[in-house]
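Q: I would like to learn how to read strands and helix packing in a model. Where do we start?

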Amino acid sequence: MIIPKAEKLQPAELKEVEGIAQEFDCSILEIDGRNRCVYAILGNENHAVMFKRIAGLPYIRKVDMIESSYKLMDRRSGLSDHIVRMGETEVGKDAPFIIGGPCTIDPANPSLYLETAHALKEVGVDALRGGVWKPRTNPYSYQGDNNALDIILQAREETGLPIDVEVMDAEQLQLALEAKVDVLQVGTRNALNYSLLKQIGRMSAETNSAVLLKRGRHMASPDEFIAAAEYIVAEGNPDVMLCPRGTTPALDGYRNHPDESVTPLLKNRTWAPVVVDPSHSVGHADYVLACSLAAIAYGADGLCIESHVDPQRGIGDDPKQAITPQKMGELIQACRSAFPNRYKVG
Ligand code: PEP
Ligand code: MN
C-alpha cells in the first residue's frame, strides 16, 4: 500500500510509480478514499527492491507491507483513517447510524412504503431500506419487482434520506447505480459470491454508493467475512460497512444464531464501520430491541432494522420481524441513553 505525501499523486508521479511496479510485473490500483487516495500494489509484491524504489520517491510518505489476506481492510493499512459518510453524516460518529424500513417493498401498495418512510424519518432514522429484488428460499414466493425501485426513489425524494437496496446480479446492480442508490446491500446469500463482490466494487468505484456487506450465514469466520469485503475495496470502493446478521445453525427459538458479539473483533481487525442487523438475526419483532442494545454495547456503529407502519400488512419478513416506527423511535432513544458517555442523548 502506497501512501503519498499529498492527497493524491499527480499524473506524472502515478506514471512513474506504475513504471516501477511494471518492472516487477505488478500494477497499481488507485483507491479514492473521500479524504485522500491510497495506492495498492497488485501482483506478487514480495520485491524488496521495488518497495525501496517507490518508498524513496520524494512525493511518497510511506509504503506499507502488510502480511494479511485483507491488506486494505486491515486496520494497519493506509485506509485506517477512512471514514464512511452518508451525505453529511459520518457513519457511527455522534449516534448509531440507523437504517430502517420494510423487508420488502410491496409494489401494489406504494403508500404503505411512503407512509413508513415518513414515519421513520420522524423518529430519527438515518437511511431507508427496502427490498426491491428479494432472495427467497422458495422459488414460488414473491421475487421482487423493478417498479419497487421507483417507490423507494420517491421516498428518498420526499424524505431526503439515503436509501439502501439489495442487489443480487449485474442487471440489478446496473439499475441501482443508474438510480444512484446510496447503499448497495449484499445479502447473506451472496456474501461469498466473489464475482458479484468484484463487480460491485468495480462498478461503484467512481460513484458515491457505499456497500453494506452482510455476513455469510453459514458462519463465515470473521476473517472470511473481512476478506469478502476486501474484494469490494480492492476493486476501488472503500465505502464498505460490515453487517453481522446472525448465522446458522439457529439458536432454538431465534431465526439465526445472533452474532452481534463478533463486532469488537471486526472493529479490532479492520477500520470499517460495523452495522448490525438484529432483525434477521433474531427474526422476531419482540427480540429486536434487546439484540440492538447488545450490538451497541459491543461497539456497533449502526443498526439495520426492519420496520413497517403495519407489519401484518407487509410482505416478506415484515409480519414476523418488522417493528413499528413508534418502537423504532423508542429503540433509538434507548440505544442512545444506555450509552450516555458515547452519544449525546437527544
Ligand atoms: C434482507 O435484508 O431483507 C435480507 C434478505 O437480508 P439477509 O441477506 O441478511 O437475509
Ligand atoms: Mn428481510
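A: Start with burial: a residue is buried if 20 or more other C-beta atoms lie within 10 Å of its own, exposed if 12 or fewer, and partly exposed in between, with C-beta atoms placed from the backbone. Helices (H or I, at least four residues) and strands (E, at least two) are DSSP runs, numbered from the N terminus. This is a predicted model, in which local features need pLDDT of at least 70, side-chain atom pairs count only at pLDDT 80 or more, and totals for chains, interfaces and linings use all residues. Residues are numbered from 1 along each chain as its sequence is written, while chains are lettered from A and ligands numbered from 1 in the order in which they are written.

Q: How many residues of strand β14 are buried?
A: In β14 (residues 302-306), five of five are buried. One side carries Gly302, Cys304 and Glu306, the other Leu303 and Ile305, and both faces are covered.

Q: Which strands pair with β14?
A: Two strands pair if DSSP finds at least two bridges between them. Strand β7 (residues 97-101) pairs with β14 in the parallel sense over five bridges, and Ile99 has Cys304 as its bridge partner. Strand β13 (residues 275-276) also runs parallel to β14, joined by two bridges; there Val276 is partnered by Leu303.

Q: Which residues of α10 and α12 meet?
A: Residues are in contact if their C-beta atoms, placed from the backbone, lie within 7 Å. Leu289, Ser292, Leu293 and Ile296 of α10 meet Leu331, Ala334, Cys335 and Ala338 of α12.

Conventions
Contact = placed C-beta atoms within 7 Å.
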